[in-house]
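Here is a colleague's note for someone meeting this structure for the first time. Please keep the model open beside the text while reading the points in order.

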Amino acid sequence: MQVRLAGVKQESVTDGAGLRSVVYFQGCPHHCPGCHNPESHDPQAGYLCETGELLELLCNNQLIDGITLSGGEPLAQPDAALYLARAAKARGKSVWIYTGFTLEQVLQDDIKKSVLAYTDVLVDGTFVLAERDLSLPYRGSRNQRLLTRADWQA
Ligand code: SF4
């Protein structure tokens with residue numbers, strides 16, 4: 001399976017708890033004013049990558065605690081997000097996902113919802129410039145929530 005990416009950061013301490021590999025998906029339908037990564041919006045830009053090869057590249061690093069799917073909008077390519085999240089969990093890695101969709105929107109879409117079975121933390125919602133708050137851990141605006149499994153299994 002192929003996934004269209006904006007880039008990969010093999011080691012990060014700012015995109016979730018611990019040391020993480022970050023996958024930046026290409027393409028985002030949300031177009032938030034003030035987006036930190038506007039070059040990731042075009043769904044035709046970026047580059048194509050085989051998900052299996054990408055997973056090997058990320059998880060062969062024994063030092064990482066997990067992977068983070070970010071973007072762009074990872075849930076705009078839900079099959080690839082599902083593959084990566086499931087495969088990372090099978091290797092004992094934690095999975096964080098940054099999405100511009102709200103949890104409620106994710107739960108209304110079967111394929112997006114299926115990714116949650118392999119997700120530890122979901123940071124949801126678009127970036128809202130008027131709600132921007134640099135003091136928040138792991139997110140940029142106050143409307144965004146740091147959600148865990150208990151939030152969608154309740
Ligand atoms: S959801 Fe994220 S990547 Fe997409 S426009 Fe908003 S801030 Fe940018």
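This is a predicted model: local features need pLDDT of at least 70, side-chain atom pairs count only at pLDDT 80 or more; totals for chains, interfaces and linings use all residues.

1. Helices (H or I, at least four residues) and strands (E, at least two) are DSSP runs, numbered from the N terminus. V106 belongs to helix α3, residues 103-107, and V106 counts as buried because its relative accessibility is 0%, where buried means under 20% relative accessible area, exposed over 50% and partly exposed in between, with a 1.4 Å probe and protein chains only.

2. Residues are numbered from 1 along each chain as its sequence is written, and side-chain values use heavy atoms, with hydrogens and water left out.

3. Around the ligand stand C28, H30, H31, C32, C35, H41, G72, G100 and F127, each having a heavy atom within 4 Å of it. By class this shell holds four nonpolar, five polar and no charged residues, where Ala, Val, Leu, Ile, Met, Phe, Trp, Tyr, Cys and Pro count as nonpolar, Asp, Glu, Lys and Arg as charged, and the others, Gly among them, as polar.

4. H31, in the loop between β2 (20-25) and β3 (47-50), has a positive phi of about 50° although it is not a glycine, and H31 counts as partly exposed because its relative accessibility is 49%. G72, in the loop between β4 (66-70) and α2 (78-90), is joined to G71 by a cis peptide bond with omega of about 5°. Most residues other than glycine have a negative phi, and most peptide bonds are trans.

5. Y138 also has a positive phi, near 65°, in a residue other than glycine. Y138 lies in the loop between β6 and β7 (145-148) and counts as partly exposed because its relative accessibility is 30%.

6. Where does the side chain of T119 reach? T119 is found in the loop between α4 (110-115) and β6 (121-124), and its side chain reaches the backbone oxygen of V115 at 2.8 Å. T119 counts as buried because its relative accessible area is 0%.

Note on methods
A polar contact is a pair of N or O atoms within 3.5 Å; within protein, one must be able to donate a hydrogen and the other to accept it, and residues adjacent in sequence count only if both atoms are side-chain atoms.
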